[in-house]
There are 4 protein chains.
Amino acid sequence: MNSVISEAGSPARGELSFLWAKDHMGILKKITEKVLNGQPLAGRRLGFCLHITKETSVLLMAAKELGADIVACPANPLTTQDDIASFLSEKGVTIYAWRGQTDKEFRECLNKVIQFKPEIVTDDGAELHVLANNIRCQSILGGTEETTTGVTRLRSLQGKKSLLYPVIGVNDASTKYLFDNRYGTGQSTIDGLMRATGVFLAGKHVIVCGYGWVGKGVASRASGMGAIVTVTEIDHIRALEASMDGFAVKRLLDVVESGDIFITCTGQTKVIRKEHFQKMKQGAILANAGHFDVEIDVEYLYKQDSNPVCIRANVNSFKIASKKIFLVDRGRVVNLVSGEGHAPEVMSLSFANQLLSILFLSKFHAKLKKRLHRVPRHIDRAIARYSIESMNIRIDKLTNEQKAYRHFI
Amino acid sequence: MNSVISEAGSPARGELSFLWAKDHMGILKKITEKVLNGQPLAGRRLGFCLHITKETSVLLMAAKELGADIVACPANPLTTQDDIASFLSEKGVTIYAWRGQTDKEFRECLNKVIQFKPEIVTDDGAELHVLANNIRCQSILGGTEETTTGVTRLRSLQGKKSLLYPVIGVNDASTKYLFDNRYGTGQSTIDGLMRATGVFLAGKHVIVCGYGWVGKGVASRASGMGAIVTVTEIDHIRALEASMDGFAVKRLLDVVESGDIFITCTGQTKVIRKEHFQKMKQGAILANAGHFDVEIDVEYLYKQDSNPVCIRANVNSFKIASKKIFLVDRGRVVNLVSGEGHAPEVMSLSFANQLLSILFLSKFHAKLKKRLHRVPRHIDRAIARYSIESMNIRIDKLTNEQKAYRHFI
Amino acid sequence: MNSVISEAGSPARGELSFLWAKDHMGILKKITEKVLNGQPLAGRRLGFCLHITKETSVLLMAAKELGADIVACPANPLTTQDDIASFLSEKGVTIYAWRGQTDKEFRECLNKVIQFKPEIVTDDGAELHVLANNIRCQSILGGTEETTTGVTRLRSLQGKKSLLYPVIGVNDASTKYLFDNRYGTGQSTIDGLMRATGVFLAGKHVIVCGYGWVGKGVASRASGMGAIVTVTEIDHIRALEASMDGFAVKRLLDVVESGDIFITCTGQTKVIRKEHFQKMKQGAILANAGHFDVEIDVEYLYKQDSNPVCIRANVNSFKIASKKIFLVDRGRVVNLVSGEGHAPEVMSLSFANQLLSILFLSKFHAKLKKRLHRVPRHIDRAIARYSIESMNIRIDKLTNEQKAYRHFI
Amino acid sequence: MNSVISEAGSPARGELSFLWAKDHMGILKKITEKVLNGQPLAGRRLGFCLHITKETSVLLMAAKELGADIVACPANPLTTQDDIASFLSEKGVTIYAWRGQTDKEFRECLNKVIQFKPEIVTDDGAELHVLANNIRCQSILGGTEETTTGVTRLRSLQGKKSLLYPVIGVNDASTKYLFDNRYGTGQSTIDGLMRATGVFLAGKHVIVCGYGWVGKGVASRASGMGAIVTVTEIDHIRALEASMDGFAVKRLLDVVESGDIFITCTGQTKVIRKEHFQKMKQGAILANAGHFDVEIDVEYLYKQDSNPVCIRANVNSFKIASKKIFLVDRGRVVNLVSGEGHAPEVMSLSFANQLLSILFLSKFHAKLKKRLHRVPRHIDRAIARYSIESMNIRIDKLTNEQKAYRHFI
């Protein structure tokens, strides 16, 4: 069976991207080398539903190197890098992915993965898990899930009826959420915004909606580029934290008139909506860093101006109440659409959690209850250690006297 | 029975300090006003073992205003502000506290609090809780504890035999540890260091040992004053976090030669010891931000130079291997000894947790198991809300559509 | 006479870019509106030798709107944006510019501008000024120069023989060098680096060579993205400044082994050379922010590995002593090659100086000595005022009492 | 003749302070050692009018070590540290200084210095220079001046009639104003504010009035402590700079209602006045970092409430329109009154300029015109070099090829 790949993408180009990413994902290399000889995934059938990017290719090739038999489909119809898909296909990964799938095609690819009878499935957003549970797919021994959104959906599923197999929620690992969500999104959102718009950040009034991990990262990096940052929140504890981090905290409606750039980081719907658009200044720029494209009420914008000018590749200029409002990436996640998503160094933390969780499930799936699990603490710690080592950093160790002191106090 | 107070401290001076602190502890005022009419602590006998500072006087006077009958002793023989003790005594608080107690006097004061037959006891370091549990004090219905160290001791006590009464560990509240430990200690440590030494921080190489909440705060504020900060750690996750926050991470021994100022924030013993002292440069300055004075091996310093020069009020100059090494506050906690401890705004968050926990215990003690409890989540949230309100900040609220969206996803 | 333009560039696309830039260059709009009615440049023949970018098109169209007759050529054979050139041509600007000119073509275009008999010439790098002075071009009444490098060359020319006409060195205006060189290059260099490499900056050890305005900007923004920055310098005053800004300062050779990313900002030749390459770690990334491609000894790299792998569009991977070293943009200026150069907001400060200097020369050229001049102070101040106004910022004014106080003290 | 010193100050205590300061003023030690053998000041009569602090004692003792005969008086009636005066007197410096002089006593001490017939005079504020010029003191061969204010007064004097002797304005040296005024005042102002008030800075809205070197330093350090900083300015260029440094810029009247802490850094009179006081929030704190106590209209405050409560040692609480407004140090310079002034490391830069300028004047006074001079550039550079060396920092040197390149371009 041939895998379906885009003709446009060149496998040679894909290989270079793979090599570049691999060079910046030292943790995965360390892990692979450590367990390589045992071929711990020999014969294992793994199904992946992930954004098909250069970083993902490093994970898939690592799993392959450890002996696995792999099939993959995209987590989103629009995010596949075709040259990477070509490269993976050429290397023997069965892959159903190309950029710009229709919804129907996207569904078909998910089904192809199920038809492969995977034993362990790795997902980003729980689309594959939901499908597998709905059709009671019997081949699956265990699964992993990358995102907060996916974990939330699985939790809801678990609430209704027991899951078909144990799932490890990678997102809860310290080495995931402390880094990926905060520092990773922080940089890639600013990067995506600069690629999309090319505007100057120093002196700009940037409104960051939401001060969870993503908002914290975005506010910190925007401020690091010289922007004047105001935070909006609905949670008092986070509002207090933002304030003591040195950011003004205000209601969106109270600050909307003076904002130059708005970045939504909330996980909520219609955070920026009619009442806000109407008070915005001429030239305001809107971008979204959240998973779904619901945070900015894009529908409203199109209702007011159904034919916006595409003023730059990823920027649409809407006429709203005689002012121009600029929308980046149609309100979809700016770091993936205008940028390259998270940097490989960050993805290597997340994917190390994936790889070690897959290895863990492969060995211990029979002993695990059929529900959501956290990444085992020893895996989390090991990844931090590998990461520090791959950065050539040496840290202190407790002396014997100090170990004793810990128990004494 | 007269309370024993220092003659040196003037109650009038103490009252001014109380008023100054009260003006900066708006949350306590808000809480008091809200429940004042009910006099919810009427007749309640409260025992406090806290550092007797201006901030503590605001907590005690608030409890008094709500009807409580109060006795207090210090949490440390050296930290009492005598004018505050005088003022509290004059206002009808039974207080056994003066600066510079002997260890015997300190113990006697603890006993006096027990003899008062308190119903609810509030402690900072668990000295009073340990005593009460050991002598099986029967009057106590519940207790609260301020510090990590105290909670650790109570957990150990709980491990051996059940506690005599339920205790709420205030330290675990978000509105405590996220702010007090990080931002509070961050500022007060830098403040204490500047008062003690008067040295310039910009361009100085500052070594921060430990990157827990305290280390995070200290590193951030030292960097904010222009210092070049290097972090040392024993934990890989924290090391990674420090690194991505932009701080060099090294083994102490690898960086000790170039350090100008060392600040310990670990909770561990002998973090800076012989092997480090020997490699330090001429003029290195050592200060401790941790609870106990064990983080710098002060004993070793005195063994090498039993008669150091007191070169400034709180700085001793040791001759170690023909170099001068400067020790601040004899290795005791620099923000309390050279500074004024946490700023009142920070203490108002912690003490709001104390006051609401006392009110909670007063009402629900019978329903609580005799073990350690977390601060109820609704109290934590209420404090954040009061705090935001007292700063005149308004934040957003979820729309109905957004509330529905939360459940939907 | 038809102007020669690239067929590839679409004028419609160019117009959108022009409009986007214009929207972010409010100062130029303010200036144009203020003097528009007088048509102060009516009939003036202006020659421009500038990078043909969207920002330049805003300057040229403003000059055109004020009545000028315009000819333009590029300041660099590789930096022309073809769609902008098409757009300008369509709008009636005589333009000799396309991307990827040969050196011969580049020279011919310079000559075309001279043949146009310009009265005022605006240059970026002094290529046109040097030519005009060498061939004793008689039509020119005055000129302006954008860069430090250009001003240096003109000074050298002035040293040998008197200039043919007065030249205003725009680079010396406060509203130019305080902003363009520092904040402008700061952002665009980081932006270019991220576009070229996609690597993570947080936790990376970034070596900034040189701490002039450019180095200051780059160090500040790299640090703002979470990098650990070390500065190298040859000047003690700047070294001291870097140190007190919180950056470690070292000799390049002493820090080269631990550097992850190197950015040259010196204006000097062979700052990074053989002795440094040999000690670099595997995977080091090299980029240049200086005007010329001489700061990194690229020649040496090609001697060691004449056939580097083009691992990403703008990154070459060299094998040096069995390690991979990554060179960005072949050592050419990273913000222009991988990025879009300065953001329009920054260019609007520089180009406002150009436009007002052109207007000034047009009126007063006869009264000016034939040598280098600074931008008149009143122009510099006016631009700052327009800029503040275009950001909708209101600032304080001296009271009469304060004006008197100034003279009194 | 005995010098007049305070009995209260202990010379032993003073010596310890001197030693502490000397340990942190490595540049002066380096300079002294370098020229010591020549005894270049042997027999020179030097008159000093400086704040008598521990740092000043290091300068005076260095001059003495080089052979000078010294007399000193204070630059301000209130700033003398008595123990330092005692120590200097004991070491053979003729000194007329004690804390809390009357204006008459202060004048008499100035006269004492003149009567000593000094050959070179060093001043801070030009009080001594103005006196010497007015009475046409004939002994003086040259002078130096520390402050901007002093240089302004000398310039005005020079405008009216020629000066009696050449004066070197130390304030204009790069190694003075780039560091002392910005980083020095930045730290010491925040330090003084924390000592005076003990309030929390994180999350506080701090209004910095003026964005010259002092304002830049204060804004940067306040922000570094977690404050939310807004800048007010009257100059558009500085306003633009503040904005691009990431600070909101507003008119004072537009932001006064939301300010928690106000710090004046302008050199102007009545920057905060009636119209502002009336709109301030309850509990606003006012402090001044400028040389004179005119920046806050203290007179107005006393008119409204002639009897403010001294709520902390250096804080007065005024009742203004039924709100409490807190004034720090009665509006006098907060870093000197509540803090210890500049840190010794910073003063060592300024005083190295003083010492080398004195040496320069001693040798070359006859060749210098009787007017204001800048610190010779080679002195400025030498100090930066000594400073870098005393911090054990090594920096790069130009290669021969690079030296040639400089001339070539």
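Biologist: Which residue of chain B comes closest to the rotation axis?

Modeller: Happy to start there, with the reminder that this is a predicted model. The rotation in question is the one that superposes chain B on chain C. At its C-alpha, the residue of chain B that comes closest to that axis lies 4.9 Å away, and it is I228(B).

Biologist: What percentage of the contact residues of chain B recur in chain C?

Modeller: Chain B is superposed on chain C by a rotation of 180°. The same surface serves both copies, and the share of contact residues of chain B that recur in chain C is 100%.

Biologist: How much of chain A counts as buried?

Modeller: The C-alpha atoms of chain A fill a box of roughly 65 × 65 × 45 Å along the principal axes. Among contacts in chain A with a separation of 6 or more, 71% join residues 24 or more positions apart. Of the 409 residues, the part that counts as buried is 62%.

Biologist: Which are the edge strands of the eight-stranded open sheet in chain A?

Modeller: The sheet has mixed pairing, and its order is β9-β8-β7-β10-β11-β14-β13-β12. An edge strand here pairs on one side only. In chain A those strands are β9 (248-249) and β12 (309-312).

Biologist: At about what angle to β14(A) does helix α8 of chain A run?

Modeller: Helix α8 takes in residues 174-197 of chain A. It lies across β10 (261-264), β11, β12, β13 (315-320) and β14 of the chain. Its angle to β14(A) is about 125°.

Biologist: Which helix gives the most to the side of chain A that touches chain B?

Modeller: The contact takes 40 residues from chain A and 40 residues from chain B. Helices of chain A that each supply at least two residues to this side include α7 (148-160), α8 and α16 (377-390). By class, the side of chain A has 18 nonpolar, 11 polar and 11 charged residues. With seven residues, the helix that gives the most is α10(A).

Biologist: Why does K117(D) count as partly exposed?

Modeller: K117(D) sits in the loop between α5 (103-115) and β4 (120-123) of chain D. Its phi is positive, about 60°, although it is not a glycine. A residue is buried at 20 or more C-beta neighbours within 10 Å and exposed at 12 or fewer. K117(D) counts as partly exposed because its number of C-beta neighbours inside 10 Å is 13.

Key: Residues numbered from 1 in each chain as written. Chains lettered and ligands numbered in written order. Predicted model: local features only at pLDDT ≥ 70, side-chain atom pairs only at ≥ 80, totals over all residues. Pairing = 2+ DSSP bridges. Helix = DSSP H or I, 4+ residues; strand = E, 2+ residues; numbered from the N terminus. Contact = placed C-beta atoms within 7 Å. Axes fitted to C-alpha atoms, helices over the stretch in contact; angles between N-to-C directions. Least-squares fit on C-alpha atoms with pLDDT ≥ 70 in both. Nonpolar A, V, L, I, M, F, W, Y, C, P; charged D, E, K, R; others polar.
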